[in-house]
Amino acid sequence: MGSHVYGVSKLVFFFAILLSATHSALPPNHISKSSSSGSSSQINSNSVLVALLDSHYTELAELVEKALLLQTLEEAVGKHNITIFAPRNEALERGLDPEFKRFLLEPGNLKSLQTLLMFHILPTRIGSDEWPRNSSGSVRHPTLWNGHVHLRSHGSGKRIIDSAEIVRPDDIVRPDGLIHGIERLLIPRSVQEDFNRRRNLRSISAVLPEGAPEVDPRTHRLKKPAAPAPAGAPPVLPIYDALAPGPSLAPAPAPGPGGPHGHFNGMRQVKDFIHTLLHYGGYNEMADILVNLTSLATEMGRLVSEGYVLTVLAPNDEAMAKLTTDQLSEPGAPEQIIYYHIIPEYQTEESMYNAVRRFGKVRYDTLRLPHKVVAQEADGSVKFGQGDGSAYLFDPDIYTDGRISVQGIDGVLFPAEEEEELKTEKKGVVPVVKVVNKPRRGKLLEVACRMLGAFGQDSHFSTC
C-alpha cells in the first residue's frame, strides 16, 4: 500500500512539472488570452507597436498615425506575433516620388495608404535565422491586408523581400513581434494601379470649359447652330438649361457622356467627395444636408454625369450651426441655400486667388439664378460676399478631381437682398413712415382768421 501511494505521488509530481513547462513554453499573448478570454487585449510598454512609434523609423510611424491604423494594429498584436518591415526615413523622405507621396496623403486616398502600410506587416514572426535559404528559393507569405510578399536569399547572403533588401535584420525584437529595416518602400500592385489611374486621368478626365457657343440673352438660344458634340465632349448649352423649375433636374439637352454608353460616373464622384468631407472633418452638417435633408447629392451626380463641372463652397460645421430654425424650416430653403454655394465652373484655390488678385472683384454665377457670389482678395486669401455676411476661404482644395472642386469656407453666404432682410429682422427695425407737416401760418394770418371766425366768415378762406 505504501509503494502504491508513493507511485501515485510520483505520477502527480510528473504531471505538475509537465503543466508548468507547457505553460512557460506558451507565448505571452497566448497566456494573457487564456487567462482573460473575455477581456480585450492590452498593449504593454514592451510591445513591438510601442517600439515602432518610439523608434528611429519616424516617417513610417507618422504614416501609421495618419492612416488611422493604430487600433487595427493593436488588435493584430493581440492575436498574432507579427513581423514589420520598416523602410528607412531616407527612403520615405528623399527616395519617394513627391507626386506619389502627395497621392497617399490626400484624404480621398485613405484606403490606398492603409493597403500600402498593411502590406509591410506579416501576421507571423519571421526572424533572420528563419529566413529561407538560397537553395529553397522564394517563400510566399500573406500580409495583414489580403496580399502576399515573397522572401528569398541572395547568393551573397543578402535577405530580400520582393524588391527591397533587408539592411537591418532583427533591428527591434520584442516578445510579440520584431522589426526588420528595409531599404525602400514596398508598393502593392493595387496601390500602384490606383495611382497611375489618377495620374493619367483615365477614369476622371477633366472637362475644360473652353469653346462654349454664344447664347442670345433675349431668347436664351444659340446664336449659331452648334455642331454635333462627340462622345465625351462638354455639353453645348449652359448648365442652367439642365435645371428644371424648382430643385429637380432635367437631363442635359446635349448628347454628352451621361448616356447609356457614357464615360462619366457622376454618382461615384459625388459619393467620393462626400466621403472626403466626412474624413476631412468639420463638414458633417454640409454632408448631411446634401444626402439626408435634400436630394442635392443625386442632382449633382446627374449634372456631373452629363459632363458639367462644379465648384462647391462648403460652409464648415461652425458656420452651419449659426443658421436659425426659421431659415431652414421654409419649403425649399436648404436647397436654395446650397444652390447659392455651387458655382458651375471648375475653380481651385489657386485659380480663384489669381483671379481676385488680377481683377479685384470677381462675380461668379451660381445655381441659384440670377444671384451671383462676389469674390475679392482680403488678408492674403479669397473673401466671398460683402459686409457681415462674408466668408473667407478657410480650407482650400478639400477635394479636386477635375470635375468637382470643394472649397471650405467659414460662413454661410446669402444674396445681398436676403442679407438686408436678415439684418432688419435681427435688429427689429420698424419701417419709417415719412410724415409731411402742414405749412405753418404766419401771425398776421392767424389774427385775421380769428377775427373772421368771430363774425362767422372764416369759411370763405381756404387757408383758415
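This is a predicted model: local features need pLDDT of at least 70, side-chain atom pairs count only at pLDDT 80 or more; totals for chains, interfaces and linings use all residues.

Me: Why is Asn 89 called buried?

Reply: The cut-off for buried is under 20% relative accessible area. Asn 89 has a relative accessible area of 16%, so the residue is classed as buried. Asn 89 is placed in helix α6, residues 89-93.

Me: What makes the pairing of the side chains of Asn 89 and Thr 58 a polar contact?

Reply: A polar contact requires a pair of N or O atoms within 3.5 Å. The side chains of Asn 89 and Thr 58 meet at 3.1 Å, and the pair is listed as a polar contact. Leaving aside residues up to four places away in sequence, Asn 89 touches His 56, Tyr 57, Thr 58 and Glu 59.

Me: How do you know that helix α12 is largely enclosed by the rest of the structure?

Reply: Eight of the 10 residues of α12 (residues 296-305) are buried, and therefore the helix is described as largely enclosed. Among the buried residues are Leu 296, Met 300 and Val 304. The buried residues of α12 pack against elements that include α10, α11 (284-293) and β16 (404-409).

Me: Why is Asp 379 called exposed?

Reply: Exposed means over 50% relative accessible area. Asp 379 has 72%, so the term exposed applies. Asp 379 lies in the loop between β13 and β14 (381-384), and has a positive phi of about 55° although it is not a glycine.

Me: How do you know that the largest pocket lies between domain 1 and domain 2?

Reply: Domain 1 (48-195) and domain 2 (266-409) both give residues to the lining of the largest pocket, so the pocket lies between them. The space in the largest pocket is about 1200 Å³. Its lining comprises 36 residues, and the closest to the centre are Phe 103, Glu 106, Gly 108, Asn 109 and Arg 198. Elements that each supply at least two lining residues include α7 (98-105), α10 (266-280) and β15 (391-400).

Me: Which classes of residue make up the lining of the largest pocket?

Reply: The lining has 11 nonpolar, 12 polar and 13 charged residues.

Note on methods
Residues are numbered from 1 along each chain as its sequence is written. Side-chain values use heavy atoms; hydrogens and water are left out. On a 1 Å grid over the protein atoms alone, a cavity is a set of points where a 1.4 Å probe fits but cannot get out, and a pocket is an open set with protein on both sides within 12 Å along at least five of seven lines; lining residues have an atom within 4 Å of a point. Grid points are joined across faces, edges and corners, and a volume is the space filled by probe spheres set on the points. Helices (H or I, at least four residues) and strands (E, at least two) are DSSP runs, numbered from the N terminus. Ala, Val, Leu, Ile, Met, Phe, Trp, Tyr, Cys and Pro count as nonpolar, Asp, Glu, Lys and Arg as charged, and the others, Gly among them, as polar. Domain bounds come from an automatic or database domain assignment. Buried means under 20% relative accessible area, exposed over 50%, partly exposed in between (1.4 Å probe, protein chains only). A polar contact is a pair of N or O atoms within 3.5 Å; within protein, one must be able to donate a hydrogen and the other to accept it, and residues adjacent in sequence count only if both atoms are side-chain atoms. Contact means heavy atoms within 4.5 Å.
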